Amino acid sequence: MQLHLTALPYQPNAGLELFAPLAGHPWSILLHSGHRDHSESRFDILVAAPVVTLVTRNGTTEIHHNKQSQFSDDDPFTLVQQQLMAAGMEAATQALFPFQGGALGFFGYDLARRIETLPTLAQSDLHLPDMAVGIYRWAIIADHQRLTLTLVSHDDPMPLLNWLSRAIMPPLEPFHLCGPWRANMTRAEYGKKFRRIQQHLLAGECYQVCLAQRFNAPYSGDEWLAFCHLLAHNPAPFSAFIRLAEQAVLSLSPERFLRVRGAEIQASPIKGTLPQLVDAATNRQQMMRLATSPKDQAENLMIVDLLRNDIGRVAQPGSVRVPSLFAVESFAAVHHMVSTITAILPEDRTACELLRACFPGGSITGAPKVRAMEILEQLEPQRRSAWCGSIGYLSCCGAMDANIAIRTLLVDNKHVYCAVGGGIVADSDEETEYQETLSKAASLLLPLEQLCA
């Protein structure tokens, strides 16, 4: 079936404005670039009304299509690939539109249990599924480099345009917190867990473990308004808003997990963080301090090696490269150390296979990955759920782009949850690591507190 391309009037905020009337609809999703025109992150992608939904809970995936559901215990990644192929969408060149319809949603951290054998110790207290992915036959794509806005559709676009034109922004209750943020561990408990990790490190069981703490607060109002407020304060290149029937995911992620364009694979792991400083001269020194930090370089290199090995399971043999190592990138509240890995995807392998081979991202587990995840299951009180999983798309044209779902808020049962963590190695300092988690959390918690005023 022909792919229809319909040009729409471009405005820098067109993605947000068009999405706003749909933000309350279950399965409406916005991937947002933080208004960057950088070639690596310049697209906003808006979708709604999927033809198929795949929701995985406790190892079983419900596939809903044409008002009927079927259930499968098969591998969720395989099921997504099967539904993507069954949709029969004809693709065009990837050059202008990397997403041309296909699978879009989130793959939660706990999908790792389908890939590796892990203990079951942490409490599963949130109601978000382990995976929520829709198959979409249309998308509106803003290209902030070419300054274009395009409706990409595999069906007659006129009914869709009429539906979109009739979508009206409903009155929204202002978002505000109804109580203080509460952590799932005290400072003393964090210290005890930190020292447990040091024992594992000194015993040679692992090289790095990414310990997290989680904050939560009750709220009232509309989550879409909270996302818009956060995006205005902390624009991030791999942001996303996902509306489910009873929950929502608000991601302001700075980290790309995996990208596929044509046959080229790219990964951009982040490991190493320092807060932004107000004084310009002192801030430049802060960036240099991060860039030359032996500890942060060692942490970063561990994850680069881990991800090289994960990508190598699927990539063309001998194609894995590291063109950029230890680059410092600056965001609204923090500086990050970022490296870049590239490889070639063979013709007989899919982007979905690559995602599974690398899942979850090593930058949020530690190394070796499986042992780090086993330790985290013992130390973190609750499961991570969608946090530290991945949000992104698998296009019918073979392209993929997915983030690491850090700086990501989970909304469930009128509470908002914010988890933050950092990599701990043998020479880590306990207080420094604890303060790093607070610096990361501040970029999300403080702006939401402002909405209480």
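The model is predicted, so local features are reported only at pLDDT of at least 70 and side-chain atom pairs only at pLDDT 80 or more, while totals for chains, interfaces and linings use all residues. Residues are numbered from 1 along each chain as its sequence is written, and side-chain values use heavy atoms, with hydrogens and water left out. Helices (H or I, at least four residues) and strands (E, at least two) are DSSP runs numbered from the N terminus.

**Salt bridges**

- The structure holds 25 salt bridges, each defined as a side-chain nitrogen of Lys or Arg within 4 Å of a carboxyl oxygen of Asp or Glu.
- One of them pairs E223 with R243, whose closest N and O atoms are 2.8 Å apart; because E223 belongs to helix α5 (residues 223-233) and R243 to strand β14 (residues 238-243), this pair ties together parts that are 20 residues apart in sequence.
- Both E223 and R243 are buried, where buried means under 20% relative accessible area, exposed means over 50%, and partly exposed lies in between (1.4 Å probe, protein chains only).
- R256 forms a salt bridge with D401, again with the closest N and O atoms 2.8 Å apart, and this pair links distant parts of the chain, since R256 is in strand β16 (residues 256-261) and D401 in strand β23 (residues 400-403), 145 residues apart.
- R256 and D401 are both buried.
- In the salt bridge between E353 and R349, the closest N and O atoms are 3.1 Å apart; E353 is partly exposed, at 32% relative accessible area, and R349 is likewise partly exposed, at 29%.

**Nonpolar cores**

- The largest nonpolar core has 95 residues, and those with the most contacts inside it are I45, F107, I311 and L354; such a core is a set of buried Ala, Val, Leu, Ile, Met, Phe, Trp, Tyr and Cys residues joined through side-chain atoms within 4.5 Å.
- Helix α8 (residues 351-358) gives the most to this core, contributing six residues.
- Apart from this core lies another, of 41 residues, which includes F19, L250, V420 and L445.
- Leaving aside residues up to four places away in sequence, F107 touches F77, V80, D130, M131, V133, L355, F359, G389, S390 and L394, a contact being heavy atoms within 4.5 Å.

**The pair of helices α2 and α8**

- Helix α2 (residues 76-86) and α8 pack at an angle of about 165°, with their axes 9 Å apart; that angle makes α2 roughly antiparallel to α8.
- The axes are lines fitted to C-alpha atoms, for helices over the stretch in contact, and angles run from 0 to 180 degrees between N-to-C directions, with those under 35 degrees counted as roughly parallel, over 145 as roughly antiparallel, 65 to 115 as roughly perpendicular and the rest as oblique.
- Where the two helices meet, F77, V80 and Q81 in α2 face C352, L355 and R356 in α8 as contact partners.
- Helix α8 is mostly covered, with six of its eight residues buried, namely A351, C352, L354, L355, A357 and C358.

- Most residues other than glycine have a negative phi, and most peptide bonds are trans.
- A cis peptide bond joins F359 and P360, with omega about -15°, and P360 lies in the loop between α8 and β21 (366-367).
- Another cis peptide bond joins A367 and P368, with omega about -10°, P368 being found in the loop between β21 and α9 (369-379).
- A49, although not a glycine, has a positive phi of about 50°; A49 sits in the loop between β3 (43-47) and β4 (52-57) and is partly exposed at 45% relative accessibility.
- N66 also has a positive phi, near 55°, and is found in the loop between β5 (60-65) and β6 (68-72), where N66 is exposed with a relative accessible area of 59%.
- V51, in the loop between β3 and β4, is partly exposed at 32% relative accessible area and touches H64, H65, N66, I135 and R137, not counting residues up to four places away in sequence.
- V51 and W138 are 87 residues apart in sequence and 9.9 Å apart in space, C-alpha to C-alpha.
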